[in-house]
Every structure is written in C-alpha cells, then in structure tokens.
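Let's take a walk through a protein model together. Have the picture open and follow along as we go from one chain to the place where two chains meet.

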Amino acid sequence: MLDTVTNWMLTSSLYQYIQIHMWVWPTLESLHFIGLCLLYGSLLVVDLRLAGVFPSIAVEKVTRFIPLTVIGFVTNVVTGVLFICGDPERYFINPSFQLKMLCVFLACINAVYLSVVLDRFQVANKGASTTIASLPVSIRLTALLSIGFWTAVIILGRFIPYVE
Amino acid sequence: MSDTLLNGLYWLEESAIGEWVATSIWGYPIFLTLHTIGMGTIVGLSLMQAFSVLLPQTYTHGIRLYAFWKIAILGLILNVISGSVLFIGSASSTWFNWPFRIKLMLILTGVILSASLTRDTMKGPVTSRQRIKATAVVVVWLSALVAGRLIAYID
C-alpha cells in the first residue's frame with residue numbers, strides 16, 4: 001500500500017517540481033515554522049488558561065484564539081503534505097515521522113474531546129463568570145495533555161532527519 | 001577579519017561543549033529541538049500579543065494577555081541557551097553566515113518591540129502607535145523565522 005503511494009508520488013509532476021526548484025523546500029520550511037508558531041502560540045494561550053494558569057483571564061476570551069490554532073494547523077498540514085510529496089521515500093519509513101503522525105492524531109482527538117467538555121461546562125455555567133479557578137479536573141488535564149502532545153509533535157518532527 | 005576573532009571562534013568550536021555538539025549523535029538534535037520549542041513559545045506568544053492589538057474586537061485587547069509575556073521570556077531563555085550551544089558547535093562557519101547575522105538582529109529587534117508592546121497593552125485602549133508597533137512585531141518575527149530557515153541554504 002505505502003509502496004504504491006510512494007511510487008505514485010515519485011512519478012508525479014509535483015515531485016518533479018519540488019525537486020527541480022531549489023526555492024520550494026526552504027519556502028515550505030519557512031511556512032511550516034510560521035504555522036508552528038501560530039499553532040503553538042495560540043495553544044499556549046488557550047491551554048495554559050484552561051489548565052488553571054492566569055485564572056483572572058476569562059476562558060471565553062482566550063478561546064477566541066482557537067481560529068489562529070486552526071490556521072496554523074492547516075498551514076502545517078498543507079506544507080507537511082508537500083514535504084512528503086517532495087521526498088516520499090524519506091518520510092513513510094521514518095519511525096520519528098510515524099510517531100509524529102500518531103501524536104498529531106492523538107492531539108486532534110484530545111482537541112475534539114476538550115471542545116466537547118468545555119462546551120458542556122460553559123452551557124452548565126451559562127451566565128457565571130469563568131474567571132474563577134474552578135474548571136473541572138477533566139478540562140485541566142486535557143489542556144495539559146494538549147500542550148504535551150503538540151510539544152511531542154515538535155520534538156518528533158525535529159528528530160526526523162536524525163533517526164533514518 | 002581579525003585573527004583574534006577567528007581564534008576565538010575556533011576556541012569555541014574546540015571547547016568541550018563545541019566538540020560534544022558537533023560530534024555526538026544526539027547533542028545537535030537535542031539542542032535543535034529545544035531551540036524550536038523556545039522559538040514556538042517566544043514567537044508564538046509575541047504574535048498572539050500583536051494580533052490582540054491589531055484585531056482588538058476579535059482577540060479582546062486588554063484581557064491581560066501581557067501576563068503570558070513571562071512564559072514568552074522562558075521561551076526566549078530556552079532559545080538563547082540552546083542557540084548558543086548550537087552556535088558553539090559550528091562557530092567559525094556560522095559567524096560568517098549572513099542569514100544568521102540578519103536573524104540575530106531581527107530577534108533582538110523582535111524582543112525589544114514585543115517587550116515594548118507588552119508594556120503598552122497594560123495601559124489602556126489601543127492607539128495607532130500600538131498598531132504600528134504590533135505590525136512591526138509580526139513582520140520582524142516572521143522575517144526572523146525565514147532568516148533562520150535560510151541559514152542552512154545560504155552561506
């Protein structure tokens with residue numbers, strides 16, 4: 001299955017384009033890092049607050065940064081797919097890349113769960129101030145787990161060239 | 001180029017830290033990873049601060065986002081320490097790399113601008129001067145990211 005996908009990518013015009021034009025790879029890397037900073041910066045604001053840090057800030061105000069998380073994530077998915085298209089033989093068999101993808105998947109599941117429990121909490125406490133430090137333990141732990149998963153994604157991404 | 005400078009750069013490379021980073025299997029990737037986490041923290045939080053000034057209706061200016069500057073400083077410290085170790089490992093070549101020099105200047109400018117913007121946001125409503133500063137914060141930090149990427153591609 002992976003061999004078929006790899007061979008298909010190797011014969012694609014996109015692969016040829018990325019290989020021939022030397023400006024493409026550093027441009028993709030730059031965009032990938034910009035996406036990383038948008039994703040990680042906005043996550044730190046949201047998740048640290050949900051984890052109980054800076055309790056004087058209202059939760060509904062920090063959650064407004066989530067669209068920036070999504071923009072960063074989409075940027076990194078697009079550039080990440082182009083990295084794979086440009087060098088498919090390197091990525092699919094790389095254990096660090098495989099673990100990174102697992103962590104991205106778990107981080108996404110964790111984010112969906114966090115949004116569900118946060119919505120329930122906000123509906124149950126409608127009208128009440130969320131500047132108090134009384135978020136449920138499930139929300140706090142999930143927020144900490146989110147920071148942990150995305151930090152692991154950064155670590156594993158950085159190790160890709162070194163565990164071939 | 002002075003011999004003293006070049007000798008100093010070689011001395012750094014041949015130091016215990018320099019040798020370890022350059023020759024050990026895990027030295028370079030570990031500090032590169034720490035550098036990336038530090039970068040994500042300082043640049044990411046600086047960008048969030050700037051966006052809260054540029055789009056105060058959306059990102060609610062004045063929500064005490066400046067409290068996160070302490071976390072950003074931790075990221076900066078991690079970045080400076082890991083960056084110094086990485087530099088020591090290849091001091092004689094990195095020092096003469098123009099993207100590296102430009103990156104250092106941009107980081108210095110970015111830190112000064114972000115610290116100043118953080119002080120401004122403690123004061124009150126958004127002013128046009130703060131918006132200009134926030135725009136500069138975004139441009140400078142994004143340029144620093146690009147310059148950092150180009151270190152590996154341009155001598």
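In chain A, take the contacts (heavy atoms within 4.5 Å) with a separation of 6 or more: residues 24 or more positions apart account for 79% of them. Keep in mind that this is a predicted model, where local features need pLDDT of at least 70 and side-chain atom pairs count only at pLDDT 80 or more, while totals for chains, interfaces and linings use all residues. Residues are numbered from 1 along each chain as its sequence is written, chains are lettered from A and ligands numbered from 1 in the order in which they are written, and side-chain values use heavy atoms, with hydrogens and water left out.

What is chain A built from? It has eight helices and zero strands, both taken as DSSP runs numbered from the N terminus (helices are H or I, at least four residues; strands are E, at least two). The C-alpha trace of chain A spans about 60 × 30 × 25 Å along its principal axes. Of its 164 residues, 49% count as buried, meaning under 20% relative accessible area with a 1.4 Å probe, protein chains only.

Now look at where the chains meet. Chain B brings 34 residues to the contact and chain A brings 30. Together they bury about 3100 Å², with carbon and sulfur atoms giving 79% of that; this buried area is the accessible area (1.4 Å probe) that two parts lose on being put together, summed over both. On the chain B side, M48(B), F68(B) and R149(B) lose the most area to chain A, together 20% of what that side buries.

R149(B) forms a salt bridge with E29(A), and their closest N and O atoms are 3.6 Å apart.

Finally, find the largest nonpolar core, which has 67 residues. Such a core is a set of buried Ala, Val, Leu, Ile, Met, Phe, Trp, Tyr and Cys residues joined through side-chain atoms within 4.5 Å. Which residues have the most contacts inside it? They are L50(A), L47(B) and M48(B). The helix α3(A) gives the most to this core, with 13 residues. Leaving out residues up to four places away in sequence, L47(B) touches C37(A) and L38(A) in one chain and V138(B), W141(B) and L142(B) in the other.

Notes:
A salt bridge is a side-chain nitrogen of Lys or Arg within 4 Å of a carboxyl oxygen of Asp or Glu. Buried means under 20% relative accessible area, exposed over 50%, partly exposed in between (1.4 Å probe, protein chains only).
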